[in-house]
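Here's a quick walk through a single chain, from its overall make-up down to a few local details. Have the viewer open as you read.

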Amino acid sequence: KRMLEKELITDNLLRLNNELELFTHTLSHYLTNPLTVLQMGLQFLYSNGHNISLEKQLSWYKNLLDSVGNIEDIIDNIVLVSQSKNCQLDKDPIPMAFMVNKIANDVRLLFEANHCQINMGNLLPIWGEKSALYQIFLNVLGNAVKYSATQTNPQVSIESQLIDNHVEYKVSDNGIGIPKKDLPQIYEMFTRGANAEHLKGTGIGLSLVKRIMDRLGATIDIQSEENNGASIRMRFPMVSDFPTSILHS
């Protein structure tokens, strides 16, 4: 009986240690990008604030405050998700146009990829949780920009449509792609395509995205070939019709 109790305690400690490790990696991964953008924005204002108009300064300050808000939301959401392994996230109708455009600008700045063309299609609202959606699209768009930035003419496209009572978002790029042999393991923690080892990354982003998508009752599918870019489809279930007020926001 004592041996069984000892084994149970050991198993529980191992599980808690794994969850703590995952929690730490999650925080580190999701906070790095907005903190870097925040730092770059502050450095820009410190060096150039006296040369730009008051209106432009106020615009920069608003963006920086939005970044702080995103950081707070990310921390709150990660804590919530970590509290229960099987918890479902609350869903509200979230307008996506402003969020996606801000993320696109942030990741181009982050990866020094102003030459990357990001083509925006129709950006429908999504039934979800705001900070969870921010984390999803920060990862997916960030990967698209990062892995296509080395191309001569980097192109990223994002569009959405209603299909079978789901909002489907498709993000495509013309980057380095993912080798077919690596696709089956792409959602595993610390897994990266063999052709991405020369680029900065931890290999945990898509694993975390998959976990968040599961909590939202959503699905993600990746199609890719090495040197032929990647296409990611994300399907978010509808809860009910969207309020008219957010369809054009």
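## The chain overall

Keep in mind that this is a predicted model.

Of the chain's 249 residues, 43% count as buried. If you take the contacts with a separation of 6 or more, 70% of them come from residues 24 or more positions apart. The accessible surface is about 14,000 Å², and carbon and sulfur atoms hold 54% of that.

## The sheet

Five strands make an open sheet, ordered β2-β4-β5-β7-β6, with mixed pairing. At the edges sit β2 (117-120) and β6 (219-224), each pairing on one side only. On average, neighbouring strands here are turned by 15 degrees against each other, direction ignored.

Zoom in on β5 (residues 166-173) and β7 (residues 230-237): they pair in the antiparallel sense over 8 bridges. And which residue of β7 is the bridge partner of H166? That's P237.

## Helices across the sheet

Helix α3 (residues 97-110) lies across β2 and β4 (155-163), and runs at about 175 degrees to β2. Helix α5 (residues 205-215), meanwhile, lies across β6 and β7, at about 145 degrees to β6.

Technical notes. Residues numbered from 1 in each chain as written. Predicted model: local features only at pLDDT ≥ 70, side-chain atom pairs only at ≥ 80, totals over all residues. Heavy atoms only, no water. Pairing = 2+ DSSP bridges. Helix = DSSP H or I, 4+ residues; strand = E, 2+ residues; numbered from the N terminus. Axes fitted to C-alpha atoms, helices over the stretch in contact; angles between N-to-C directions. Contact = heavy atoms within 4.5 Å. Buried < 20%, exposed > 50% of the residue type's maximum accessible area, 1.4 Å probe, protein only. Areas by Shrake-Rupley, 256 points an atom, 1.4 Å probe, with all protein chains shown as cover.
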